[in-house]
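Work through these exercises with the structure open beside you. Try each task before you read its solution.

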Amino acid sequence: MAAGGDVFLRAKDRTFSGLTEDVEHEWRGPFCFIQAADPQLGLMKAWKVGDSNEGGDEWSEEVQLTKQAVEAVNQLSPRPRFMVLCGDLVHAMPDTPFRARQEVDLKEALRGTDASIPLVFVSGNHDLGNTPTPCTVEKYCATWGDDYFSFWVGGVLCLVLNSQLFCDSSACPQLKEAQDVWLEEQLQRASSPSLTDPKPKHILVFQHVPLYLKTPDEEDNYFNMQMQVRHSLMDRFKKAGVRAVFSGHYHRNAGGLHEGLDMVVSSAIGCQLGEDAHGVRVVVVTANDVVHRYYSLDQLSGRGMDEDLRKLLES
């Protein structure tokens, strides 16, 4: 691909944008990035016919929407530092019909992303299976890159997580344990800066399944994490100073702010399950804040980001 996976190293700790890690550890002023979710090629047809468990035998609508998102992002000025896709890249589950073709077509739709805007891929339940296995995780990594990793950009530490390991790791407990150990190490290093591990200006987390949709104490459901898991993660994140968690999965906009931790749930590029429009989220990172706004693809294509966000980037 012209952008995306080729930009990153395949190790768990990555150097961003071809620059040295030391450079990206330094705060150099405000910047923006794009958070998108759920292109999920095939779901729109499957949802229309009422058989969302199958892969969907048509996905031309999602391909066109993804291309529209790419064109809109390419036109933004200043350019986003990266675009992250928070899971469910395609709808067909692993080892089912249409899976390979959907992956090929999504890569082709993303190929037009400007080479200066790296793509960051996050694994979703449809990418790994609702109960991931070592085999499905390995196949995902071979196609899209690591299922969890960290990178620095402009003084900000970004953690990409495999949220499905928190939801159901019954078929791969060793993989969950490995991610847990790695995550704890990352959070400890971020909260205990040293000469070799500087303090991040912000810490951001990207995952597919939200911690919660509206409130931390809401009941468990398909679209959030089990209460015990979510509270454990929230405690760990808040202790380390994580500023925001960005997710998809819900195909609607949702989220909330709890004790300084922003849970951001963005609707889909692809199939909408609520009243939101196909869109992406523009995120502006300043020295003191992380400001984000969801735009429909038509809005972003037509007018770009709002003036108040542009002014934050100039400060």
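**Exercise 1. A charge over a ring**

Over the ring of which residue does the charged end of Lys107 sit?

Solution. Keep in mind that this is a predicted model. Step one: find Lys107 and follow its side chain to the charged end, which sits over the ring of Trp144. Step two: read the distance, which is 5.3 Å from the ring centre. Step three: look at a second case, Arg252, which lies over the face of Tyr250 at 4.0 Å from the ring centre.

**Exercise 2. A cysteine in a strand**

Which residues does Cys158 touch, leaving out residues up to four places away in sequence?

Solution. First locate Cys158: strand β6 holds this residue. Then test burial: with a relative accessible area of 1%, Cys158 is buried. Now list the contacts. Cys158 touches Phe82, Phe149, Ser150, Phe151, Val153, Leu204 and Phe206. Compare with the cluster of Exercise 2: Phe82, Phe149, Phe151 and Phe206 are among its members.

**Exercise 3. The largest pocket**

What is the volume of the largest pocket, and which residues are closest to its centre?

Solution. The volume is about 230 Å³. The pocket is lined by 16 residues, and Gln40, Ser52, His91, His126 and Tyr222 are the closest to the centre. Two elements, α2 and α5 (125–128), each give two or more residues to the lining. By class, the lining has six nonpolar, nine polar and one charged residues.

Now zoom in on Gln40. Gln40 sits in the loop between β2 (31–36) and α2 (43–48). At 2% relative accessibility, Gln40 is buried. Beyond its neighbours within four places in sequence, Gln40 contacts Glu62, Asp88, Leu89, Val90, His91, His126 and His251.

**Exercise 4. Backbone exceptions**

What is the value of phi in Asp38, and what is it in His251?

Solution. Begin with the rule: most residues other than glycine have a negative phi, and most peptide bonds are trans. Asp38 has a positive phi, near 50°. Asp38 lies in the loop between β2 and α2, and is buried at 0%. His251 has a positive phi too, near 60°. The loop between β8 and β9 (254–258) holds His251, which is buried at 3%.

From Ser77 to Pro78 the bond is cis, with omega near 0°. Pro78 is in the loop between α3 (60–74) and β3 (83–86).

Key: Residues numbered from 1 in each chain as written. Predicted model: local features only at pLDDT ≥ 70, side-chain atom pairs only at ≥ 80, totals over all residues. Heavy atoms only, no water. Phe/Tyr/Trp six-rings, centres within 6.5 Å; stacked < 30°, edge-to-face > 60°. Lys NZ or Arg CZ within 6 Å of the ring centre and 35° of its normal. Helix = DSSP H or I, 4+ residues; strand = E, 2+ residues; numbered from the N terminus. Buried < 20%, exposed > 50% of the residue type's maximum accessible area, 1.4 Å probe, protein only. Contact = heavy atoms within 4.5 Å. 1 Å grid on protein atoms, 1.4 Å probe; cavity = no way out; pocket = protein on both sides within 12 Å on 5 of 7 lines; lining within 4 Å. Points joined across faces, edges and corners; volume = space filled by probe spheres on them. Nonpolar A, V, L, I, M, F, W, Y, C, P; charged D, E, K, R; others polar.
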